[in-house]
Amino acid sequence: VALVTIEVHARDVIDKLIKSNCNDVMGFEWLMQLRFYWEKEIDDCTVQQTNTQFRYGYEYLGNSGRLVITPLTDRCYMTLTTALHLHRGGSPKGPAGTGKTETVKDLGKALGDYVIVVNCSEGLDFKSMGRMFSGLAQTGAWGCFDEFNRINIEVLSVVAQQILSILSALAAGYARFVFECREINLVWSCGIFITMNPGYAGRTELPDNLKSMFRPISMVVP
């Protein structure tokens with residue numbers, strides 16, 4: 001099923017390229033696609049989209065299903081890959097059932113990265129969040145924090161500093177950095193994503209210093 005899904009999408013892409021008369025490798029209709037290349041210089045597989053490039057992660061994920069790729073999924077992928085390229089997080093927001101978490105998981109699957117989904121609640125404190133961030137940084141996995149705005153505002157202000165220290169270390173290209181008074185390893189492939197369901201009771205508004213670290217994307221029901 002996964003193979004058929006990918007092949008049908010590839011057919012649709014070629015159909016779209018022909019209809020839009022795109023005959024240049026630098027055309028946006030082509031560049032916006034998630035493309036896989038084997039780079040001879042580094043002798044490794046890379047994944048490219050728009051102006052971003054990532055090494056494939058080779059994480060064994062089994063023969064699981066893939067999302068049906070819609071124009072919204074494509075736009076969300078572009079926002080998330082650009083966010084990763086700029087050493088930022090991604091923040092899909094929208095009502096329940098619009099595929100926020102699934103899109104992040106599917107992009108992780110496409111890049112060969114392990115994605116850990118955490119359902120956030122009021123009970124999370126900064127210590128438990130710090131342990132999770134420390135694990136993500138050291139393993140190079142992606143963390144997708146569902147319903148992130150359910151965490152208490154007091155905790156979010158500390159979490160903002162924890163995320164900032166990881167993203168700053170990624171931007172500086174460090175292999176080791178100090179996190180919560182301990183020096184830990186940093187694997188370049190780690191990513192932090194949050195999903196939010198705005199407008200519900202019991203949800204906090206994110207502080208501005210936290211908002212600035214995440215690239216927002218609105219998800220709607222197709």
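The model is predicted.

**Stop 1: strand β6**

Begin by selecting residues 142-146, which form strand β6. Is this strand buried or exposed? Five of its five residues are buried, so β6 is largely enclosed by the rest of the structure. Display the side chains next: W142, C144 and D146 point one way from the strand, whereas G143 and F145 point the other way.

**Stop 2**

Now show helix α5, residues 126-139. Together, β5, α5 and β6 make a right-handed β-α-β unit.

Strand β9, residues 191-194, also runs parallel to β6, and four bridges join the two. Here F145 has I194 of β9 as its bridge partner.

**Stop 3: aromatic pairs**

A pair of aromatic rings is described by the distance of the centres and the angle of the planes. How many such pairs does a search of the whole structure find? There are six aromatic pairs. F145 and F148 form one of them, with 6.3 Å from centre to centre and 65 degrees between the planes, an edge-to-face arrangement.

F177 is buried, with a relative accessible area of 6%, and F179 counts as buried at 4%.

Then select F36, Y56 and Y58, which form one aromatic cluster.

**Stop 4: the nonpolar cores**

In soluble globular proteins, nonpolar side chains tend to be buried together. Which residues touch the most other members of the largest nonpolar core? In this core of 32 residues, they are F133, F145, F148, I163, I166 and L210. The elements giving two or more residues to the core are α5, α6 (153-172), β7 (176-179) and β9. Colour α6 separately: the largest share of the core, nine residues, comes from this helix.

Centre the view on L210. Leaving aside residues up to four places away in sequence, L210 touches F148, L156, A160 and I163.

Finally, select F54, L111, W142 and M219, which are among the members of a second, separate core of 16 residues. W142 returns the tour to β6, where it points the same way as C144 and D146.

How values were computed:
Residues numbered from 1 in each chain as written. Predicted model: local features only at pLDDT ≥ 70, side-chain atom pairs only at ≥ 80, totals over all residues. Heavy atoms only, no water. Buried < 20%, exposed > 50% of the residue type's maximum accessible area, 1.4 Å probe, protein only. Right-handed = clockwise from strand over helix to strand, strands pointing away. Pairing = 2+ DSSP bridges. Phe/Tyr/Trp six-rings, centres within 6.5 Å; stacked < 30°, edge-to-face > 60°. Core = buried A, V, L, I, M, F, W, Y, C linked by side-chain atoms within 4.5 Å. Contact = heavy atoms within 4.5 Å.
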